[in-house]
Amino acid sequence: VSEDAITLLRASGWTAILLLAGALAASPIARAFTAAGWRAAAARLPRIRRGLGIASASAGLVHAGVALALYLGDRPWAALAAVAWLRSGALALALLVSLLATSFPGFVRAARIRLWKPLHRLAYAAAALAVHHVLLSPWAPRAWALALAAAFGALLLLRLVPRKARAERREDPEGDASRGDRTVAES
Amino acid sequence: VVPARREADVQLAILLLALVLAAIGGAERFAGFVLAYGIAWGIANLAALRGWAPPRLSRGAKMAIAALVAATPITVIGARWDALITREGLLGLDVHLRDRLRLEAVPAIHPALVAADRPQTFLVYAPGGQRARVALAPGIAVLDAEPLGHGVFRVDYDPRQHGAPAASGPARARIEVDGVATERAVTTLVPLAHPRWLRASPDRRQACTTSEETDELVRIDARGLAGRMAVGDGPSDCTFLAGGAVAVAHRYAPTVAIVDPGGAIVDQIEVGWGGHRLAASPDLTRLAVALEGGEVVIADVRAGVVQARIEIGGLPDALAFAEDAATLIVARRQPAALLRITVDGAHAAIVAERALLAPVAALARREGGGSVIVAVTDWSDDPVPHLGNHYVQDQLVEIDTRSLAPLRHVLTARRSPRQDAAGGLDRGVSPLSIDVAPDGALWVAFAGSDEVARLVVGGPEGRAIDVAALGLAAPHGALLLADGAIAVSSPSGGRVAILEPSGRLRASADLAPGDATLLREDPEALRRRFGERAFYEATRAGVACQSCHLHGESDGLVHNIGGRVLVPTLDVRGIAGTSPYLRDGSYPRIGDLHEVADTLYRGYREPAGDRASTLEAWIASLPLPPPRPERDPEAERRGLDVFVAAGCPSCHAFPALTNLGRHPVHAVFPRAAAEPGLSLDTPSLRGLTRQSRYLFDGRARSLEDVFRVHNPDDRHGRTAALSDREIADLIRFLESL
């Protein structure tokens, strides 16, 4: 395996993962901006989040393409099925590609997707699988992998805690009235 | 359309449904859980399309329903948790992460074990560093590291020159790179005395043995300990000469010492480094020394000079003179063979060679020298090796020294009445020494079954003395003394003993503290001692770790131990801190290797203790073998340049020469005849020269073959375009590791 191939694999893989981390960080950052009164900046973040997610899946595809072409050899599929860290990487990519496809309103309408958010929460599963991938892959520095795991864990916690608070507010009928009904796909 | 305010309820419903589906579907991999979630989401989406919305319930009711629904699937999935952890490679992840983080934290040092009894070579990796100094542990002088280039430094440590740690245990190594000091965790080891091979004096009134770890020569007689004296570094073997003098070979000194009966060293014969085994001619005028570098040296005792040297193409192990001082029988370990060597003046030549299916574990000369008795784990007159499975059958074979043809056979590993499992073997396992008594009977030390036995080749079944209860577990040496007493040595017990002919203990010499003392004063040393015993202890299949990993080293063979692929036996010395283990990286902890003995080989013959933990403690205490002392720093530096340019450090990363990564087999060896799902652990390249087979399936017989023959696709490093000179330099560098 050439060093060029390893460099390409590292660059594309870490790009994909860091972009995914950025996408997952967008919502907590938006809430922080809102809390700080920077509403205009917060309003721009969902679009940035979508762009980061699309870029992450695209970088993941590049990473997989490089791995297939330059690393996995002539019989990649058996290796992908049998080797745990390759399997989790492939699975993470499959999830990201699914989320990529459902990031376009036209596709969402055509596929008759109503529960868009529960589907896109698979981004957290993709992140966990990506952490598993880098924790076991031969070339990823383990300190980076652990830092990544900690970052994803923190993002998940940040995501869960405000949800709980909001859920509690929604129990309040006045809260419901003030917000009005939105579809999940729109929220 | 599901209202946003019910979103949490929808999510909860999907999660619960996914849990149920995963439990029903028997998910044991992440993919199963993702699939279950996907199906649950699909069902929920379909339901949403048809206007379904979760019922409005109070928070308490929702939680109660969720708990009720989730309880069963969580229990079912929990029962499969171990399978999930194993299948997803998470078993022992903590150990792997600890080892890898230690190696990635630069400046990094390898190995992390500092042994007080032998020279060691450490590698320090400090990218960008120009100058490095290392204090390995308290009590050891600060050593200047030799820069090799590319941030790699070499530290040659010799406890005799630089001082030794005072006690075993955790310590901090101080690494100073360009004036910046960093501390790294290491473990110090001060080993206990290990008396191994026993040699009788010609009149059998005395016997001698050496303790390599404590640099001692030990004499015993029929009454017990007769003398204990300090000799050179790493006394590996001894033999009696005329007048009660004893010759001592040294592993870490280039000499054979001649020690008079009073304990004084009266002569030193320069033979070369790595003295491994020793034999005296029948007339006691010549010595034959097996050197680890692959040479056999014949020395004239009276003149104190080397007469002849001969390279035998592998590690010479046990050896004995045959009919006279001009003929020698040498057991070569890798590739396993018996050699007949004749010595004529300064010229020595191999005049006959017999390839063996397994290396010789012990060798003894019969009176007159017309035959030798060898202990082996496999034998066949058919030269086709037993590759089909892990084949071990301990046996003694008497071999004609002229033709090297077998004369007689005794299968020793056998079942005794105390076994109740079909096929269980618990007698005659791992013969490690043979003494041919004057009456022609053989006294054999069986380390695997803790016994010393008297056998008559071709005669009735012999009698055995169980020596474990005498503090002589895993005996390595046994011989008959003149008055019928039996001398026995036990390295793991740190003890030499004299037994009455009845087998009762007459006297013992405790060269190391007993178990009870260690339990009080050094429990870790006791754990290592128990682990050493477990290493030699037989399983019910008649196989011990020792059967293939000869005293921790490789037998040079390939075995099929799991039905997947033939794998060469690994040298387990110095493997600590490189999780995962085995060729496929399937074992995260050294102690897990105990599972092989416990399952594949049907468990140990006696139930006792935590062998996994003690076995790990002992194996982790085995230092890396030192590289060959001959140095060519310029060639090694050039070789390092080639190593880096070929991209080798991407996987064989400094300083351990492995990044502990696993690769699918065909990513590195596209043409390998292995199942595509096989993944390979990246092996450390340290101690590489102790092997005779290379690559994961042992197909390469030399380092040159690794690059020239077995890397046609240039995926195992970019070596196709290397010149002969570059390959030679690369090999020189690898040999220096």
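**Walking through chain B, with a stop in chain A**

Let's start in chain B, where C238(B) stands opposite V248(B) in strand β15(B). This is a predicted model, so local features need pLDDT of at least 70 and side-chain atom pairs count only at pLDDT 80 or more, while totals for chains, interfaces and linings use all residues. Residues are numbered from 1 along each chain as its sequence is written, chains are lettered from A and ligands numbered from 1 in the order written, and side-chain values use heavy atoms, leaving out hydrogens and water.

Strand β15 covers residues 246-250 of chain B, and 5 bridges join β14(B) to it in an antiparallel arrangement. (Strands are DSSP runs of E with at least two residues, helices are runs of H or I with at least four, and both are numbered from the N terminus; two strands pair if DSSP finds at least two bridges between them.) Zoom out and you'll see an open antiparallel sheet of 4 strands in chain B, ordered β14-β15-β16-β17. β14 (235-240) and β17 (265-270) of chain B sit at the edges with a single partner strand each, so each has one side without a neighbour in the sheet. On average, neighbouring strands here are turned by 20 degrees against each other, direction ignored.

Now hop along to β28(B), residues 395-400, where 5 of the 6 residues are buried (under 20% relative accessible area; exposed is over 50%, partly exposed in between, with a 1.4 Å probe and protein chains only). β28(B) pairs antiparallel with β27 (residues 371-376) of chain B over 6 bridges, and 5 bridges join β28(B) to β29 (residues 406-411) of chain B, again antiparallel. Take V397(B) in β28(B): V374(B) stands opposite it, and in β29(B) its bridge partner is H409(B). The hairpin of β28(B) and β29(B) has 5 residues between the strands, and there L404(B) takes a positive phi near 60 degrees.

P195(B) is in the loop between β9 (180-189) and β10 (199-200) of chain B, and it counts as buried because its relative accessibility is 0%. Among the residues P195(B) touches, leaving out those up to four places away in sequence, are T209(B), S489(B), P491(B), V496(B) and L511(B). Touching, or contact, means heavy atoms within 4.5 Å.

Next, some helices. Helix α11 (residues 611-620) of chain B has buried residues including L615(B), W618(B) and I619(B), and its buried residues pack against α8 (523-536), α9 (545-548) and α10 (594-600) of chain B.

Then look at α12 (residues 633-645) and α15(B): their axes come within 7 Å and cross at roughly 105 degrees. That makes α12(B) roughly perpendicular to α15(B). D729(B) is buried, with a relative accessible area of 6%, and touches A635(B), R638(B) and G639(B), not counting residues up to four places away in sequence.

Last stop: the largest nonpolar core. Of its 95 residues, L24(A), Y71(A), F152(A), I14(B), F643(B), F696(B) and L734(B) touch the most other members. Helix α7 (residues 122-136) of chain A gives the most to this core, with 11 residues. (A nonpolar core is a set of buried Ala, Val, Leu, Ile, Met, Phe, Trp, Tyr and Cys residues joined through side-chain atoms within 4.5 Å.) A second, separate core has 25 residues, including A474(B) and F535(B).

How values were computed
Axes fitted to C-alpha atoms, helices over the stretch in contact; angles between N-to-C directions. Parallel < 35°, antiparallel > 145°, perpendicular 65-115°, else oblique.
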